[in-house]
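Reader: I would like a close look at one part of this model, with the cut-offs behind each term spelled out.

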Amino acid sequence: MVHVIARLLQACLVMLCVALVGFLVFQFVGDPVLALVGQETSIEDREALRESLGLNDPILVQYARFVGDALQGDLGISYSFNRDVSEMIAERLPATIELVLLSGLLALVIAIPAGIYTGINRKGGWAQALMALSVIGVSIPSFLLGILMILVFSVWLNWLPSFGRGDVAGAFGFRSSLFTLDGLSHALMPAAVLCLFQMGVILRLVRAEMLEVLRTDYIRFAWARGLPARSVYLHHALKNTLVPVITAIGLQLSALFAFSIITERVFQWPGMGSLLLHAIEQSDIPLLAAYLIFVGLVFTVSNLVVDALYALIDPRIRHGGG
């Protein structure tokens with residue numbers, strides 16, 4: 001419990017720092033008043049608007065107001081859309097979550113068994129092929145891989161649609177394109193592009209940790225006791241490879257939210273990435289600041305989840321040891 005409370009306090013401190021960066025971006029990159037009014041607006045009207053927005057207050061007061069509004073879900077008004085930023089994020093976030101969940105699930109389902117297999121049979125032909133695939137996934141840029149997949153599967157073979165999100169349906173109280181066949185067909189290629197990079201990183205890490213653990217004394221003792229191979233590999237070896245692997249998985253899945261921008265643009269996926277690119281093109285500071293806070297929140301929450309999983313896996317952490 002003490003471990004969890006300490007991590008929660010650290011997470012709150014991190015989010016305050018992220019909010020400070022977002023506030024500084026909002027405050028000092030451009031003039032909000034100039035973005036909200038036209039060139040013909042008089043100086044008196046501009047000063048009145050600045051006073052009404054509280055921009056003449058001390059910096060600490062403005063920062064406290066910014067944090068309080070953010071905690072209530074108020075992230076400002078978009079300059080280019082003239083809409084509430086929170087509403088725009090709520091509209092785009094489900095599409096990005098769908099892509100992240102599908103690509104993350106594919107990466108974990110493929111990478112962890114493949115990493116175990118290549119660690120056990122490191123000189124086999126299939127293991128070498130999987131390692132080559134992991135290198136390709138890490139090396140090829142996502143935009144190039146996306147264009148190649150569109151060329152092959154959409155243009156040449158005409159198997160999958162090349163852009164868009166597809167039909168949306170409701171199930172279990174949620175609405176998602178993953179609940180329809182058309183939506184799955186639209187999401188498969190962008191999810192595969194994101195999956196290949198994550199898969200390559202996780203596969204190679206699982207393999208490296210498995211090779212390291214298999215050389216330890218307690219694994220030799222397990223073999224000496226005559227335990228079956230399945231028990232040695234999956235119960236003794238795999239469990240002790242999970243701590244560094246969980247760290248990588250948490251960071252990689254968090255990075256999918258932050259760095260799926262290019263993939264969403266290539267496949268015209270209506271998610272957070274396309275919203276960020278629009279904010280950059282239009283110099284929409286409230287959108288940029290809100291996206292920064294959102295990404296910081298995703299990484300902070302993922303780190304909290306990883307720390308909680310540490311406590312479940314490693315008894316030394318759970319009982320306050322080293």
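Reader: In what kind of crossing, left-handed or right-handed, does α5 pass α8? Please describe α8 and its surroundings along with the answer.

Author: α5 passes α8 in a right-handed crossing; the term applies if the near helix is turned clockwise from the far one by less than a right angle, and left-handed if anticlockwise. The model is predicted, so local features need pLDDT of at least 70 and side-chain atom pairs pLDDT 80 or more, whereas totals for chains, interfaces and linings use all residues. Residues are numbered from 1 along each chain as its sequence is written, and side-chain values use heavy atoms, without hydrogens and water.

The protein has 14 helices and 2 strands, taken as DSSP runs numbered from the N terminus (helices H or I, at least four residues; strands E, at least two). Its C-alpha atoms fill a box of roughly 85 × 60 × 35 Å along the principal axes.

Helix α8 covers residues 181–214. With 34 residues, a straight helix would reach 50 Å at 1.5 Å a residue, but the end C-alpha atoms of α8 are only 43 Å apart; the expected span is 1.5 Å times one less than the number of residues. α8 bends by about 35° at Leu188, and Pro190 follows within four residues. The bend is the angle between axes fitted to the seven residues ending at a residue and the seven starting there.

Helix α5, residues 85–120, packs against α8 at about 30°, with the axes 6 Å apart. That angle makes α5 roughly parallel to α8. Angles under 35 degrees count as roughly parallel, over 145 as roughly antiparallel, 65 to 115 as roughly perpendicular, and the rest as oblique. Axes are lines fitted to C-alpha atoms, for helices over the stretch in contact, and angles run from 0 to 180 degrees between N-to-C directions. The contact of α5 with α8 holds 22 nonpolar residues, 5 polar and 1 charged. Nonpolar means Ala, Val, Leu, Ile, Met, Phe, Trp, Tyr, Cys and Pro; charged means Asp, Glu, Lys and Arg; the others, Gly among them, are polar.

A further neighbour is helix α7, residues 142–156, whose axis comes within 10 Å of that of α8 and crosses at roughly 140°. α7 and α8 are therefore oblique to each other, and their crossing is right-handed.

Glu91 lies in α5 and, at 47% relative accessibility, counts as partly exposed (buried is under 20% relative accessible area, exposed over 50%, partly exposed in between, with a 1.4 Å probe and protein chains only).
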